[in-house]
Amino acid sequence: MKRNDGRKVDELRPMEAKTGVVKRADGSAMFKIGDTIAMASVYGPRELHPKFLQNPEKGLLRCNYNMMTFSGSGDRVRPAPSRRSREISLVTQNALLPVLNMEAYPNSVIDVFVELVQTDAGTRCAGICAAAMALADAGIPMTDIVSAVSVGYLKNTLLVDINAVEDCDLHATDIAVACLPRSGEFSLLQIDGDVNQKQLVEALEKAKGACKKIYAVQQKALKEKYKK
Amino acid sequence: MKEHIKKLLDNDLREDGRKLLEYRKNIKVEYGISPKSAEGSAQVTIGDTVVVAGVKFGVGTPFPDTPDEGVMIVGAELIPFSSPDFESGPPSIVAIELSRVVDRAIRESGCLDTKKLCIKKGEVVWTVFVDMYPLNDDGNLFDAMSLAAIAAMKDAKFPDYDKKTGKVNYTKRTKTGLPLKGTPLECTVIKIKDKLLLDPSVEEWKALDARLTVGFLDNGNICAMQKGGEKSLSVKEISKMVEIAGEQVKKLRKVL
Amino acid sequence: MSNLKVKEKDIVVPGEVLANGMDFLPSQGTFRDGDDIVANMIGLTFIDGRVLKVIPLNAKYIPRPGDMVIGKVTEMSFSSWFLDIGCANRAMLSVRETQEFIESGVDLSRYYRFGDYIVAKIIKVTRGNIDLTMKEQGLRRLGVGKLININTSKVPRIIGKQGSMISMIKEKTNCRIVVGKNGLVWLQGEPADERVAAEAITMINEDAHKDGLTERIEEFINKKCKGGKDEKK
């Protein structure tokens, strides 16, 4: 099967990654996959305001996913947070938490801001990739770097890294995952569509392989900053 | 440290070694940073300050008092992504002032021919949204955003409009750019004690007593102005600041 | 069988496996996961016999008792000041921990005002509470000077072996310099010298992981200081 952009079924779109892109942040990263460009900045651990949110037992990871108003493929995106962006913020948070030890930061917060500059499907996954890199760039202890990708079924063919055209196809099933490269476990899993159990397991294995390739890009970019 | 900035200024010195009226050297405008999503976009770099602006088109009904004119809306958001000083939540008063000051220069210059944005008089007109974000705030967001907004507008191309369905086809872009007649640009001069400075850093901005943002037309006339800060300015000072800003704007216009 | 996967001074990222097997021991910046020793932060590997360490390339300040830090007064109560020392929790300086005798009920801003920078020492850290003291030599309110933020992981490099680096910078630039463990550096001197010293410190901050640092910094200062004087003539 030929994909609309000429890729093989298990081929990822071209990727680019860079860290240290926001000088004033404690850590930051840009992750580009195809035409989707995500940027993330990290501040903290810092004092948590308002004070009533403070927890003496553990710190808070606070993620905020936002699409810039001009980053959508159609109409202008409204600037206020939508239900969609709030949900993505939440799943981003949960995708990252397994690699962090928040108990080390009582009463504090680690803020992660994800901004989408341009979108062409897979924005939450690109956001998670950028966020994980930004956390590592900030020097925050982590047990792993999180990589994310969306795979899916289009007319029963398993495709890796769904683009916008494929995503818009009515018959497509979209499976967004985040994977911890070392353990191979998943910290994000969202499915829109129709799959059976066998297909799901097959898709997860494929996604795991794709995440390995993404991880290599993330790892290289993190080190690149210190080479020169 | 505010006191340190003031102490240096007594000797006409600045923290980063620049002269009082010296702009940072590496000013850069990149076009089309979001070419697939935005109909126009640009990124402006001044030193370590980076801002982006994007243009989106929409269609809507005109205002009743201007039935044959399209609408332009300029907005800025100070996202906490770009600085530890910015907070989450609805636009702060700082962001609102920033949007309105950038908007004013573009609007009042009359550089955008809003009559050419009319699709059907009294019924359908184009709406042009210009949205700006800092990616890294290292000072002087006013000038950076003024540059970014006009650069993104220059970069913009209309999407296809289907007269039958009344819908915009964003996947098809025309070759027509915005009907722009000029490039209004703003430059900000700040005053700390009795000294005037260009292109302030974040720390200098925090220490300012007064500031004046001046918008200029291509012919050098003034099209917008905003005085900020807690202290007052004399006619002599205002005149001097306008002169300084006017000279700098000529240089800034060259990077577009 | 045990197997080392990295060389000395390799740049590693969180999650990177440094070695397999039980012959190696995890230390700072690493942890054991089953058979593997894994890096948990971005940094440079340091191999000390069987012990594996990762020296962070970037890290937020973690307060520890005995650290000399620079903080900014951000809050006051009737018996203490609260200082921002660049970490998640504010540090407390009680009136009892100052060098002078302060009567109770006195307006504390008569001693230290909001926005003042103070160099103090951490005496106790308990679950987010940080207590400071000023009852030691050299601890004081800092006058008007330049402040720069550096990475806390670079503080040892800026100080150098037995203070060699910082002494060299102080001597050559004629600046007074205080380096807080928390990554704040305060400088005071002639404006031109101050800038050279600041640039040198920023250079160390950015290039600390590269070889030949001391020589490069010395060369830089020599060139700049000379150049500066020539300009004045």
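1. Helices (H or I, at least four residues) and strands (E, at least two) are DSSP runs, numbered from the N terminus. In helix α4 (residues 202–206) of chain B, B:Glu203 and B:Lys206 lie 3 residues apart, about one turn of the helix. These two residues form a salt bridge in which the closest N and O atoms are 3.9 Å apart, a salt bridge being a side-chain nitrogen of Lys or Arg within 4 Å of a carboxyl oxygen of Asp or Glu. B:Glu203 is partly exposed at 32% relative accessibility, and B:Lys206 is partly exposed at 42%, where buried means under 20% relative accessible area, exposed over 50%, and partly exposed in between (1.4 Å probe, protein chains only).

2. On the basis of the note: this is a predicted model, in which local features need pLDDT of at least 70 and side-chain atom pairs count only at pLDDT 80 or more, while totals for chains, interfaces and linings use all residues. Residues are numbered from 1 along each chain as its sequence is written, chains are lettered from A and ligands numbered from 1 in the order in which they are written, and side-chain values use heavy atoms, with hydrogens and water left out.

3. Which residue forms a salt bridge with B:Arg107? The partner is B:Asp103, with the closest N and O atoms 2.8 Å apart. Because B:Arg107 and B:Asp103 are 4 residues apart in helix α2 (residues 93–109) of chain B, about one helical turn separates them. B:Asp103 is buried, with a relative accessible area of 12%, whereas B:Arg107 is partly exposed, with a relative accessible area of 40%.

4. The interface of chain A and chain B puts 27 residues of chain A in contact with 29 residues of chain B, contact meaning heavy atoms within 4.5 Å. The two chains bury about 2,400 Å² between them, 56% of it on carbon and sulfur atoms; buried area is the accessible area (1.4 Å probe) that two parts lose on being put together, summed over both. A:Arg24, A:Phe70 and A:Arg76 supply 33% of the area that chain A buries against chain B, more than any other three residues.

5. Across this interface of chain A and chain B the rule finds 5 salt bridges, together with 22 residue pairs in polar contact, both residues being at pLDDT 80 or more. A polar contact is a pair of N or O atoms within 3.5 Å; within protein, one must be able to donate a hydrogen and the other to accept it, and residues adjacent in sequence count only if both atoms are side-chain atoms. On the side of chain A that touches chain B, β3 (36–47) and β5 (108–118) of chain A each supply at least two residues, and the largest share, 6 residues, comes from β3(A).

6. One of the salt bridges deserves a separate look. A:Asp120 and B:Lys36 form a salt bridge, their closest N and O atoms being 4.0 Å apart. A:Asp120 lies in the loop between β5 and α2 (123–137) of chain A and B:Lys36 in the loop between β1 (27–31) and β2 (40–46) of chain B, so the pair joins two chains. A:Asp120 counts as buried at 11% relative accessibility, whereas B:Lys36 counts as partly exposed at 45%. Both residues belong to a network of salt bridges that also links other residues, including A:Arg3, A:Asp5 and A:Glu166.

7. Chain C has 4 helices and 17 strands, and buried residues make up 49% of its 233 residues. Its domain assignment, automatic or from a database, gives domain 1 (3–56), domain 2 (68–142) and domain 3 (146–232). The centres of domain 2 and domain 3 of chain C, taken over C-alpha atoms, are separated by 27 Å, and the area buried between these two domains is about 790 Å², of which carbon and sulfur atoms give 67%. C:Met68, C:Ile70 and C:Leu142 supply 59% of the area that domain 2 of chain C buries against domain 3 of chain C, more than any other three residues. The count of salt bridges between domain 2 and domain 3 of chain C is 0.

8. C:Thr133 has its place in strand β13 (residues 129–133) of chain C and is buried, with a relative accessible area of 5%. A polar contact of 2.6 Å joins the side chains of C:Thr133 and C:Glu97, and a polar atom of the C:Thr133 side chain lies 3.1 Å from the backbone nitrogen of C:Lys135.
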